[in-house]
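The following paragraphs go through some annotated positions and then a pair of helices. Please keep the sequence and the model side by side while reading.

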Amino acid sequence: MSDWQIYIVGGAVRDELLGLPVVDRDYVVVGATPEQLLARGFRPVGRDFPVFLHPQTHDEYALARTERKSGHGYAGFTFYAAPDVTLDEDLARRDLTINAMARAADGELIDPFDGRADLAARRLRHVGPAFSEDPVRILRIARFAARFSRPPADFTIAPETLQVMREMTQAGEVDHLVAERVWQELARALMEATPSRFFRVLRECGALVRLLPEMDHLFGVPQRADVHPEIDTGEHSLLVLDQAARDNLPLAGRFAALLHDLGKGLTASADLPNHPEHEQRGEAPLTTLCERLKPPAECRELALLATRHHGEIHRAGELSPAALTSLLERCDALRRPQRFALLLDVCACDHRGRTGFADAPYAPRALLQRALSAVGAVDAAAVVRACADPATIRQHLHEARAQAVRLALDSA
């Protein structure tokens, strides 16, 4: 192995310089062939270019490579990997300067594109002209903006990089992204520290309307200022999403928080700033979005529940015991209590995701949890046995549950 040169590259070097935990280490091997790695016990895993797993550590080792644009989209590339490819040539194909650094075995930092200076300046800057060849990089920069949104200051996108992103969008490059890759980057962005920045960056470069038009349509749509001091519906949705991140909600909860108000983008102008029946109108754009991006079932199902029922859940204190029982039944809360608890978390984020409401209490959560406990205590089997007419079993069970809810709320 003496003829090889092995370097730690990319995120591991970046995070080490930022003082962040290094989770994954990726390596580039310069001066080797696939046959040489195989002879040393490395296991191949790359389909498009030579990537290998170390026989003991299982870390990824990639042969140094260059790439050339050969078609549209992120998959339209041909790769060249050979012993004569240098480390600088390999680093030159990477997206951002902060990801184009390497650490040699002796600890030397190799930084041909001034990534360390950009880290110090908290700047996201593309490496070179090859950036514009891969539209996934637009999503990655937006995701890095969401990740590195923390004290002492947010990372900013270099003006020249933002301009390249706009030009790529205008040229239609993002239109060639496959839905699976868009969802992959979206899901990762939702789990970042400040996920709203992902969508702000996409909107700033014009990509949001191409990728998530249902979401983009919310910006500029007014709401009543006495209820929503932030007024703009798109801004409200991003506040709700960031609240979900602060509350550490899982992916499904953050997805639902972001998209619960899509129906407000379809409100007739004559009704503004009110949004009557926006819950019902929101189902169609949400369904369209989910059919296009194909998120996991738990994300789609929770988002639909939040869209349909968040208004009713907010008004839980005004509902009769019978109406509360019907709401629990429509949400399948008795069979899916954990999902229902997450739905209430999403609604709490909706309530608090407004300017000046970040620390506001959310009373409907405790009320509905108390009602659900009362419904769960009803002996359904006994109700069935006591019912003479099978056709009325559902009605009798509903009435027994509503009575239990009434007693539980009266005794609270």
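Arg143 sits in helix α5, residues 136–147; helices are DSSP runs of H or I with at least four residues, strands are runs of E with at least two, and both are numbered from the N terminus. Its relative accessibility is 1%, so Arg143 counts as buried (under 20% relative accessible area; exposed is over 50%, partly exposed in between, with a 1.4 Å probe and protein chains only).

This is a predicted model, in which local features need pLDDT of at least 70 and side-chain atom pairs count only at pLDDT 80 or more, while totals for chains, interfaces and linings use all residues. Residues are numbered from 1 along each chain as its sequence is written, and side-chain values use heavy atoms, without hydrogens and water.

An unreviewed UniProt entry gives the feature "binding site" at Gly11, Arg14, Arg94, Arg140 and Arg143; such annotations may be inferred rather than shown by experiment. Arg94 lies in the loop between α3 (87–92) and β8 (102–103). Arg94 is also buried, at 16% relative accessible area. Not counting residues up to four places away in sequence, Arg94 touches Val9, Val28, Asn99, Ala100, Val127 and Arg137.

Now to the helix pair. The axes of α15 (residues 321–330) and α17 (residues 363–376) come within 10 Å and cross at roughly 85°; axes are lines fitted to C-alpha atoms over the stretch in contact, with angles from 0 to 180 degrees between N-to-C directions. The two helices α15 and α17 are therefore roughly perpendicular (65 to 115 degrees). Leu324, Leu327 and Leu328 of α15 meet Leu367, Leu368, Ala371, Leu372 and Val375 of α17 in this contact.

Notes:
Angles under 35 degrees count as roughly parallel, over 145 as roughly antiparallel, 65 to 115 as roughly perpendicular and the rest as oblique. Contact means heavy atoms within 4.5 Å.
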